[in-house]
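Have a look at the structure below before reading on. This report walks through a handful of its features, one topic at a time.

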Amino acid sequence: MSARVLVGVKRVIDYAVKIRVKPDRTGVVTDGVKHSMNPFCEIAVEEAVKLKEKKLVKEVVAVSCGPQQVQETIRTALAMGADRGIHVEVSGKDYETLGPLQVSKILAALAKKEQADLIILGKQAIDDDCNQTGQMTAALLDWPQRSPEDGTFASEVNIEADKLKVVREIDGGLETIKINLPAVVTADLRLNTPRYATLPNIMKAKKKKIANVKPADLGVDVSSRLEVLKVDEPPQRQAGVKVETVHDLVGKLKEAGRI
Amino acid sequence: MSAVCGSLSRSRAAVRCLCSRAAAEAHHDVIRPAFPPLQSFSEEESMMRDAVKKFAQERIAPFVSKMDEDSVMDADVISALFEQGLMGIEIGAEYGGTGSSFFSSILVIEELAKVDPSVSVLCDIQNTLINTLLTNLGTEEQKQHYLPRLASDTVGSFCLSESESGSDAFSLKTKAEKHKDYYIINGSKMWISNAEHAGVFLVMANAEPAAGYRGITCFIVDRHTDGLHIGRKENKLGLRASSTCPLTFDNMKVHEKNILGKVGHGYKYAIGMLNGGRIGIAAQMLGLAQGCFDHTVPYTRQRVQFGKRIFDFQGMQHQIAHVATQLEAARLLTYNAARLKEAGRSFIKEACMAKYFSAEVATLTTSKCIEWMGGVGFTKDYPIEKYYRDCKIGAIYEGTTNIQLSTMAKMIDQEYDG
């Protein structure tokens, strides 16, 4: 199979970090905070590498949009087994306002440029939880899109003839879906367990190439249609109140104006 | 090309300054001052450290308590170390190794020690002692035969100490008698780490007792050699998952092609390699102390007494800050000694300082951590008491603290010779 897979990887604040809102309420604190690859993207990379090991695809290309630092994220994908990387340079204000619509335009343009047969993305990013990029990319390319997980137990992704075969567990048993390639697949949590980057692979990753590209080169306008007005912490949980009888409960609810 | 010399050019090129994450993020170009802070790592070193950190948390941490209790290293843990490429860090890719640098080994040893110092020492001995000796002294044939195995599935042991010779290593009594093209080795060794799992042993024996220590020769001995007996492992206070066994050699026949380096030069090789190994132990003690500290501080921030967090009491704050300072100092001594070695500069005094100091800091840190944890620090349900037991060996093995201090003093004396 001569298929080429494009995998999107996003650099996000590490899942274990305690998030704090900036004092000016324009966003969250990112300076000096640990970042890593979005966990859903790790699963996407793993799936792509597995397809390559099964000899169903020929090349895995890792893509990330952002400033200089996203190269670390691309290198991690290379250390997991991707063949080469593409860094789409977006920085400063543009990066702060970069969202699914712009990213999907970039991915669509790259997919055409690189003649990709398959795009695998994480279902969502743990920072904005949008769950939109996969769907938008597919729409822009007019390709089918599927999440092999879709909230049910882990399954298999395979390529047979020119179709993508996806098996997933549903309540009644197993469902097998075939979709035409080229296609977009979004990976959910239970699709696979991402491998560790072994030390020898980290060394090998150093020799793999990362190409630099600007959104303008792809004919994409990254200006945002959305403006963030403010960002707040979730409200603090208040202590509850215990009541003795149903009568008291009704009384309290009336007091609070709930009924 | 020797891994030590090769890493000189690699490390100079690779020590890029990732000064601080904050600075790097504030300016999109990474700042590169002429003299980066000691805690600067190349991208490769950072990636390795993060990979090992994650690996240790997920694949080793769950087994630590049981391995300590049973005094047995889990076989899956050992194979996972090999799979991850952690047992052949400096072995060249042409021999199936990872092809990285000494400093990377140090970072790996430190990260492993944060989770389990026993696993860390297994990795340390393999990388800093066994692999280094074979890479630097082995004939091409020996390297082809042993390095790929050491990188993929074979644990090594280094055999120098005997029941009557510890610090006084060169008074060792194990003899090697030459007969035509082989040697007959008789004697015994004690305190041999990794012996339970080792597939290959580097045995120091004297081939010319009349020449005193100048007869000491290093022999490469495979596990299943006739006459090699591995004794019952010691029941130890700490580092229990690391096997420590006596060995006996009973008319053990070893071919002369299994001599590493030259006859009678073994003492030199031992000293040379232990100088580097010292930095490995410094990294192990550092990781141990840091791991213990990292388990303890969150507890002090949660535990409330007299209406406030125990962390908020000034007495506690001062103690915690003091220990944190010692940890930072130990880290800088260790990293600097490692960078000096990589740069091909003189590093023996600094290596002694790093090992001596890290062992002391480990003792201080673990002892204090138990106090800060109070009653729960004293129970086996919490990991703290294990670190306390594990740290003590740091002042003893691979050169006791007294030996380190004497070595340093000798060098200081020479410095003032003028």
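How many residue pairs are in polar contact between chain A and chain B? The count is four, with both residues of each pair at pLDDT 80 or more. That confidence score comes up because what you're looking at is a predicted model.

## Where the two chains meet

Let's stay with the contact between the chains. Chain A brings 25 residues to it, and chain B brings 25 residues as well. Between them the two chains bury about 2100 Å², and 58% of that is on carbon and sulfur atoms. On the chain A side, the residues that lose the most area to chain B are A:Tyr196, A:Leu199 and A:Met203, which together make up 34% of what that side buries.

Three salt bridges are counted between chain A and chain B. One pairing to look for is B:Glu43 with A:Arg75, whose side chains meet in a salt bridge at 3.3 Å, N to O. As for which elements of chain A touch chain B, α2 (70-80) and α6 (199-205) each supply at least two residues of that side. The largest share comes from α2(A), with five residues.

## Chain A as a whole

Now zoom out to chain A. This chain has seven helices and 12 strands. Its C-alpha trace spans about 70 × 50 × 40 Å along the principal axes. Chain A is 259 residues long, and 46% of them count as buried.

How do the contacts in chain A run along the sequence? Take the contacts between residues at least 6 apart in sequence: 71% of these join residues at least 24 apart.

## A nonpolar patch on chain A

Which residues of chain A form a nonpolar patch on the surface? They are A:Val241, A:Val243, A:Val246, A:Leu249, A:Val250, A:Leu253 and A:Ile259, and together they have about 600 Å² of accessible area.

Pick out A:Val243 from that group. You'll find A:Val243 in the loop between β12 (210-213) and α7 (246-255) of chain A. Its relative accessibility is 32%, so A:Val243 counts as partly exposed.

## Backbone details

A few spots in the backbone are worth a click. In chain A, the peptide bond from A:Leu181 to A:Pro182 is cis, with omega near 0 degrees. A:Pro182 sits in the loop between β10 (173-180) and β11 (183-187).

A:Arg25 has a phi of about 55 degrees, and its place is the loop between β2 (11-13) and β3 (35-37) of chain A. A:Arg25 counts as partly exposed because its relative accessibility is 39%. Over in chain B, B:Asn251 has a positive phi near 50 degrees. B:Asn251 is part of strand β7 (residues 244-255), and at 48% relative accessibility B:Asn251 is also partly exposed.

Start with B:Ser171, which lies in the loop between β1 (155-159) and β2 (175-179) of chain B. With 25% relative accessibility, B:Ser171 counts as partly exposed. A polar atom of its side chain lies 2.8 Å from the backbone oxygen of B:Asp168. Beyond the residues up to four places away in sequence, B:Ser171 touches B:Glu164 and B:Ser165. B:Asn206 is 35 residues away from B:Ser171 in sequence, and the two are 9.4 Å apart in space, C-alpha to C-alpha.

Is B:Arg389 buried or exposed? B:Arg389 is buried, because its relative accessible area is 12%, and buried means under 20%. This arginine lies in helix α12 (residues 384-391) of chain B. Setting aside neighbours within four places in sequence, B:Arg389 is in contact with B:Asp68, B:Leu237, B:Gly238, B:Arg240 and B:Lys380.

Key
Residues are numbered from 1 along each chain as its sequence is written. Chains are lettered from A and ligands numbered from 1 in the order in which they are written. Side-chain values use heavy atoms; hydrogens and water are left out. Patches are made of residues with over 30% relative accessible area and no salt bridge: like charges are joined within 9 Å, nonpolar side chains (Val, Leu, Ile, Met, Phe, Trp, Tyr) within 5 Å. Accessible areas come from the Shrake-Rupley method with a 1.4 Å probe; for residues, only the protein chains shown count as cover. A salt bridge is a side-chain nitrogen of Lys or Arg within 4 Å of a carboxyl oxygen of Asp or Glu. Helices (H or I, at least four residues) and strands (E, at least two) are DSSP runs, numbered from the N terminus. Buried means under 20% relative accessible area, exposed over 50%, partly exposed in between (1.4 Å probe, protein chains only). Contact means heavy atoms within 4.5 Å. Buried area is the accessible area (1.4 Å probe) that two parts lose on being put together, summed over both. A polar contact is a pair of N or O atoms within 3.5 Å; within protein, one must be able to donate a hydrogen and the other to accept it, and residues adjacent in sequence count only if both atoms are side-chain atoms.
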